[in-house]
Amino acid sequence: MQKSEPLFDLIKSLTKSEKRFFKIYSSRHVIGNENNYVKLFDAINQQPIYNETALLQRFKTQKFAKRLSVAKTYLYELILKSMNACHASRSLETQIADWLGQARFLLEKGLYQQSLKWVNKAKKAALEREKTALLPQIVELHKQIIDLLAYQQYPTQILRAIYDAECQTLEQLVNKNEYWLLQAKLYAFYNDKGMMRNPSDVDQLAGVFNSPLLKDEKQALSHAALISFYRIYATYFFIARDFKNCYQYSQKLVQTIESRPDLRNDNQFLYVQSVNNLLNMTTAPEKAAERQTYLQELALMLTNESLKHNEPLQIKLFEAYYYHQITGCISTGRFFEGEYLIAQLEEGLQRWYNKIDAMGQTMLCFYGFHLCFGCERFAEAYRFLVRILAMPPHVVRDDIYCFSRILSLLAAYELGTPQILKKCVQQTYKYLVQRQRRYQFESLVVQFLRQVVHANTELNFQGLLHDLHKQLLELQTHHFESKALAYFDFVVWVESKLQNKSFATVMGGR
C-alpha cells in the first residue's frame, strides 16, 4: 500500500461536477490573472500516482514551485472551502449552522424577536432529525436572547421547560456516548481477533455484554442509542457465532433504521452496513426471499443517480453487494454460477484501489479466493491470498491473516507447482509455530505439515489425509474449536481428495 498524499487523495476523490465547481470557485476567489492553483490542481489530477518530482520539474519556472509545500496546503484548503460551498444545501448540519449564524447576526443588531425566529427554526429541525449534538449550542443561544429580553413574556413554567429540555438533551448525549463506547470496545476486539474461539475471549467481552445499558432496550434514550443497542447485540452474537440471536438483532436493527426514513437518508452508510450484517444471517434456504429483497435494495442503491456523488457510500455498496453475491454461491456450493462475479470483483478492486479500507479489501480478497478455489481457478485463488499476506499484519484481522496463511497451502497444492508449495509449507509452518495464539486446529495443521514433508508416496499422503479427516470430524464436536471450520470447509476439501472429486462437487452434494 503506497504512502498517502492528502492533496492527491482529495483531488482524486472529487467527481467531475465537483472539479468543475472548484475551478469556477477558484477563479472567483483567488486574486490574479493567472490562477496557479488551478494549474497545480490540473497537474495533480492528471497524475495516475502522485509524483512530486514531476510537479517540481513541470513548474520549475513558476515562483510557487519554490515553496510547493505552502502552495499545496493552500490548494488543499481552497478545495475544502469550495466543496463546503458546493454541498452547503445537502447537509442539515450546514443549514442549521447557517440559521444560527443568521440568528447571531440579528442578535448583534438588537433584533431579538427576528433572531429568536431562526433559533426556533434550528431547534425544530434538530429535534425532528435527532441532531442532539447541536442542541446545546441552540439552547444556549436561546437563553442568551431570553436574557437580553430581560425575561419578558417568559413565565416560570416556560423557563422551567427550557431548563428541563436541555437537561434531557444532555442526558441523551451522555447515554448515546456510553453506548458508543460499548460498541467501540466490541468492534476493537473483533477487528483485532475476529471470532470468539476460547472461553477467555468470552471473559474479555463480559464487561461489554454485562453492562446495565444492555439489560433492556428501554435504557436507550434516543433513536441513535437504540440503533447502537441493536448493533452491539448483533455484533456480539456474530462474534460468538450464535447466528439465531444475531439474525434477530440484525433484523431489529434494519427495521429500526427503516422506521425513520428521514434519519435513514441522513446516514445511508449506516443503513448499508446494517443490511450487510443482516445479509450475513440470511444464507439459510428459508430466508432466501428476504435475502433477495435486500440484495435488490443494494443493487438499486448502486444505480441510484442521487447517491452516485457519494463515493464512500458507493464503495461500501460495492463491498456489500459483491461480498454477499459471492458468499451466496459459496454457501450453496454453486461456485460456477457465480464465476462471472470474479471479473466484476477485480474491476471494482482496481477501480477503487487504495480507497477501499484494509478490512474491506481483506474480506473481498478472502472470499474472492473461495470463489476462485471452487471454480478451480487456483492461480487466481492463490493471488487473492497473496494480496492479503502482502498487507502489513497490523491492518489485517488476526484470524483472517492466519487462515490466509493456511489456505495458501491448499491453493499451492492444487496449483501443482512444487516450488510454490514448498515455499508455502515453510512459511506457514514457521508462522504457526511462532504464533502466540494457537488453537487446536492450528496445532493440527502444524502436525500435518510435519508429517506431509516425509510423505514420499501417494499412499502415505492418502493415509495422512484419512487421519486428518478423522481429527477434523472430532474437532467439529468442540464448541470453540469447531469455529475454525467457519473460515473454510476443510472437511469438504479433505473428502474431495479422498474421493478424487472436485471441491465444488463434494460441497454441492452436502
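The model is predicted, with local features needing pLDDT of at least 70, side-chain atom pairs counting only at pLDDT 80 or more, and totals for chains, interfaces and linings using all residues. Residues are numbered from 1 along each chain as its sequence is written, and side-chain values use heavy atoms, with hydrogens and water left out.

User: What is the volume of the largest cavity?
Analyst: A cavity is a set of points on a 1 Å grid over the protein atoms alone where a 1.4 Å probe fits but cannot get out. Points are joined across faces, edges and corners, and the volume is the space filled by probe spheres set on them. The structure holds 1 cavity of 30 Å³ or more. The volume of the largest cavity is about 40 Å³.

User: Which elements give two or more residues to the lining of the largest cavity?
Analyst: Lining residues have an atom within 4 Å of a point, and here they include Leu444, Phe448, Leu464 and Asp467. Helices are DSSP runs (H or I, at least four residues) numbered from the N terminus. The elements asked for are helix 22 (440-452) and helix 23 (458-475).

User: Is helix 1 roughly parallel or roughly antiparallel to helix 5?
Analyst: Axes are lines fitted to C-alpha atoms over the stretch in contact (heavy atoms within 4.5 Å), and angles run from 0 to 180 degrees between N-to-C directions. The axes of helix 1 (residues 6-13) and helix 5 (residues 68-86) come within 10 Å and cross at roughly 30°. Because angles under 35 degrees count as roughly parallel, helix 1 is to helix 5 roughly parallel.

How values were computed:
1 Å grid on protein atoms, 1.4 Å probe; cavity = no way out; pocket = protein on both sides within 12 Å on 5 of 7 lines; lining within 4 Å. Parallel < 35°, antiparallel > 145°, perpendicular 65-115°, else oblique.
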